[in-house]
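Dear colleague,

I am passing on to you the structure we spoke about, and below it you will find my notes on what turned up in it. Please read them with the structure open beside you.

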Amino acid sequence: MSAADSFDLVVIGAGPGGYVAAIRAGQLGLKTAIVEREALGGICLNWGCIPTKALLRSGEMFEALDHLGALGLSVEGRAYDFDSVIQRSRKVAQQLSAGVAFLMKKHKATVIEGSASLEPGSGARGVKIALKAGGERRIAAQNVILATGARARELPSIGLAGDGDRIWTYRDAMVPKAAPKSLLVIGSGAIGIEFASFYRALGAEVTVVEALPRILPQEDEEISAAAQTAFERRGLGFRVGATVKSLTKSKAGVVAQVEVDGKPESLEAERAIVAVGIAANIEGLGVEALGLKLERGHVAVDGHGGTNVPGLYAIGDVAGPPWLAHKAMHEAVHCVEHIAGVAGPRSLSPVPGCTYSTPQVASVGLTEVQAKAQGRKVKVGRFPFRVNGKAIAAGETTGLVKTLFDAETGALLGAHMLGAEVTEMIQGFALAMTLEATEAEIFATIFPHPTLSEVMHEAALAAYDRPLHI
Amino acid sequence: MTIDVLMPALSPTMEEGTLAKWLVKVGDTVRSGDVIAEIETDKATMELEAVDEGVVDSLLVPEGAEGVKINTPIARLAGGVAQTPSGAASPAAGASPASAPIQMTAAAPPPAPIQMIAAAPPPAPTAGAMPGKPSGSRLAASPLARRVASRAGIMLETLTGSGPHGRIILRDVEAAIARGGGAPSAPAKPPGATARPITLEQRGIAPGSYDLVPLDGMKKTIARRMTESFRDVPHFPLTVDIEIDALLAARAQINALAASPDSKVSVNDLIIKAAAAALVREPDANASYTDEGIARHHHADIAVAVAIDGGLITPIIRSADLKSLSVISTEMRDLAARARGRKLKPEEYQGGTFSISNLGMFGIRSFASILNEPQGCILSVGAGEKRPVVRGEDIVIASLMTVTLTCDHRVVDGAIGARWLVAFKNLIEHPVAMLA
């Protein structure tokens with residue numbers, strides 16, 4: 001094998017985990033190849049985080065027109081061109097994917113378009129790539145990082161599988177020909193709620209079906225409840241504690257047979273979106289022959305992304321939850337630094353979670369139930385947006401911030417937010433937790449006035465019974 | 001008002017200490033940072049600095065007092081302005097901004113900030129205020145780590161930070177508490193001491209037929225740790241003979257080119273370097289047993305036993321795997337000199353990952369050391385000497401040394417230990433490989 005085919009590091013998958021790994025490896029002087037079977041940027045840039053934010057922006061702006069009267073404004077003849085909305089979202093994705101290509105070039109990573117698999121009997125040292133352009137290429141690797149991500153989980157036995165026509169996965173839901181008049185969303189995690197929020201903004205009758213007793217089940221219970229109320233005010237419908245027995249096509253659209261409290265119910269709509277979780281992409285990589293250890297469907301890893309196969313690492317969605325791009329990027333940097341032998345102490349920063357609905361949801365750290373389950377005595381602070389000056393002025397009074405402190409040490413255990421722009425503000429609490437701030441440092445921090453972020457300060461003060469403006 | 005100066009916990013394992021020497025007397029004025037006493041702990045003699053200012057009102061513990069429990073008042077300062085721990089400032093800060101700004105401008109002119117500070121009563125010293133260095137100055141520690149450490153009575157100075165830039169974070173403090181570094185509620189008797197129910201007299205040794213030398217802190221610590229290790233750790237020795245002619249030649253070559261006598265390296269320095277390199281080649285041997293799992297260390301922190309007056313101590317060459325021979329040599333010379341003066345800081349002798357004990361200078365041929373918990377291995381190095389060696393059908397003379405690796409079988413089983421010894425032997429017999 002020639003030197004051109006021998007690499008210090010081969011990254012499989014060019015999503016947010018993979019391409020960040022390649023950038024960091026380039027910075028550290030590792031000779032790196034990155035293999036991508038579809039498009040640079042992976043799901044995040046092409047079919048996930050980014051294009052959905054473009055869609056949501058169109059939706060939010062359109063829905064905001066409904067409330068212009070309250071601001072003393074009026075507009076006539078409002079309408080949307082669905083095709084343009086979708087096209088803009090695709091252009092945004094293309095622009096960013098091209099940006100990743102530039103970053104790969106800048107950091108001297110060799111991009112190979114094709115599907116990679118690890119050669120049997122080689123440890124993780126031989127990688128075979130079925131090239132997109134046809135043919136095959138074999139390369140040698142000192143280390144391999146699996147960053148192959150995940151896809152929508154489907155349950156075909158009960159009809160929860162995309163058909164590209166009336167039953168959509170997230171991917172279909174991003175490029176339909178027309179906006180549906182009515183929509184069933186199966187699953188109320190971040191992905192389901194964002195699509196529900198978007199299509200509702202464009203005027204669809206949307207019903208969200210959730211098997212668990214509350215929506216956004218990964219969030220704090222109070223936030224789930226407050227979010228449901230806020231969404232219902234926008235006209236979204238919810239069936240919680242509802243088990244889907246089947247999803248089938250009908251003459252007009254789709255029909256879901258669900259069971260709520262033991263009673264059967266039938267829900268009809270023009271279209272349905274299946275958002276019942278995701279499944280790791282581990283097929284076709286040749287990892288079975290290497291004896292790669294899995295754990296509940298994803299690759300089992302140690303604190304540095306290391307697997308049970310020497311030289312083979314895994315990061316991001318394929319290495320398990322939470323399935324979030326920023327978690328993948330964070331793991332990418334640490335994993336590559338570990339491979340290069342320059343890793344610092346492993347960060348204990350908690351992973352924030354964001355849902356870009358209207359209103360937005362953001363959280364970091366433990367929920368109240370989780371904190372109490374750990375046997376901690378907690379102090380809980382709550383503060384609503386409705387008394388915040390900036391929120392009133394901007395007409396964004398929906399929502400609240402909830403903080404949890406350890407009653408013994410004053411450690412910030414978790415923060416939970418519902419309201420406008422909270423996804424932009426949650427990093428303040430994440431930073432506080434990473435720096436191991438106590439309530440005293442948060443109290444002592446000067447929050448600019450007037451801003452929505454003052455609600456964060458007040459929610460911390462409220463945990464110690466000393467909020468100022470309520 | 002008076003301020004009590006308390007016996008500090010100068011290391012995570014310290015439960016009590018000896019007040020070796022007072023450096024102030026009643027009536028002296030003390031400023032923050034002044035050294036006021038020397039405290040002898042289980043491992044070292046350390047200086048105690050004042051945190052507070054004032055005049056020494058009384059010395060509560062006489063010079064030479066042994067077994068002074070930590071947090072016992074040892075002196076009293078009068079009339080000073082106490083420095084409060086940083087965390088205590090929040091109540092005062094919270095009192096002022098409560099009124100809305102708009103009222104402030106309408107009412108009487110707000111009091112100047114300086115008056116507000118003067119008017120506030122000086123905060124009372126916290127009962128548990130810790131003597132020692134003010135923790136705010138040089139130490140990087142998270143607010144949460146400071147608070148939890150302060151409540152557990154742990155001096156941050158005794159901890160090694162595992163956060164970015166060595167910042168002390170919560171997990172470091174929690175680890176210290178788990179190690180028993182917290183303020184002891186009722187200090188348990190050292191396990192080593194309990195197994196001594198029979199007096200010497202009962203064993204037929206008449207009183208008066210011997211002198212009794214009291215146990216100092218170091219002796220007590222050695223007794224306890226060695227008893228625990230030998231009794232609790234399932235250990236076994238592995239012994240191998242190694243030819244050292246090539247090593248001696250390499251050393252002679254290095255030293256012939258040395259810039260000054262101070263930059264000459266010893267055989268022991270080469271052994272440290274080779275041990276670290278062997279740990280890189282056989283990382284399974286660089287490990288510690290814990291109930292939660294096997295801790296595989298990222299670097300080879302080599303502890304080297306140094307005999308000193310009244311016991312021994314093991315200063316550590318940190319990350320010896322990353323250091324050049326000359327750096328190891330220079331550090332070792334400095335550490336050994338300060339060890340003999342009992343001037344090592346706790347972080348310089350606590351927390352190695354592998355130990356070396358060398359009794360070659362006494363002509364000892366081979367011995368098996370007791371493990372230094374929680375390290376997985378300790379290497380015992382015997383004397384280098386000329387011995388007859390069978391080579392093919394001939395008997396020739398070669399320089400050999402015998403080394404023994406004692407292994408904690410819970411982490412290092414026979415094959416791992418043997419592989420490490422093979423790697424070590426190869427490096428000693430082919431010292432040029434250490435350059436690789």
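In chain A, 3 strands form an open antiparallel sheet in the order S11-S12-S13; please keep in mind throughout that the model is a predicted one. The edges of this sheet are S11 (242-249) and S13 (263-269) of chain A, each of which pairs on one side only, and the twist from one strand to the next averages 20°. Between S11(A) and S12 (residues 254-260) of chain A there are 7 bridges in the antiparallel sense, and Val244(A), for instance, has Val258(A) in S12(A) as its bridge partner.

Turning to the contact between the chains, 16 residues come from chain B and 15 residues from chain A. On the side of chain B that touches chain A, H4(B) gives the most, with 5 residues, and by class that side has 9 nonpolar, 6 polar and 1 charged residues.

Some backbone details also deserve a careful look. Most residues other than glycine have a negative phi, and most peptide bonds are trans. Lys108(A), however, has a positive phi near 55°, and His165(B) likewise has a positive phi near 55°. His165(B), in the loop between H4 and H5 (170-178) of chain B, counts as exposed because it has 8 C-beta neighbours inside 10 Å, and the cut-off for exposed is 12 or fewer. Cis peptide bonds join Pro321(A) to Pro322(A), with omega about -5°, and Thr358(A) to Pro359(A), also with omega about -5°.

With best wishes

Conventions:
Residues numbered from 1 in each chain as written. Chains lettered and ligands numbered in written order. Predicted model: local features only at pLDDT ≥ 70, side-chain atom pairs only at ≥ 80, totals over all residues. Contact = placed C-beta atoms within 7 Å. Helix = DSSP H or I, 4+ residues; strand = E, 2+ residues; numbered from the N terminus. Nonpolar A, V, L, I, M, F, W, Y, C, P; charged D, E, K, R; others polar. Pairing = 2+ DSSP bridges. Axes fitted to C-alpha atoms, helices over the stretch in contact; angles between N-to-C directions. Buried ≥ 20, exposed ≤ 12 C-beta atoms within 10 Å, placed from the backbone.
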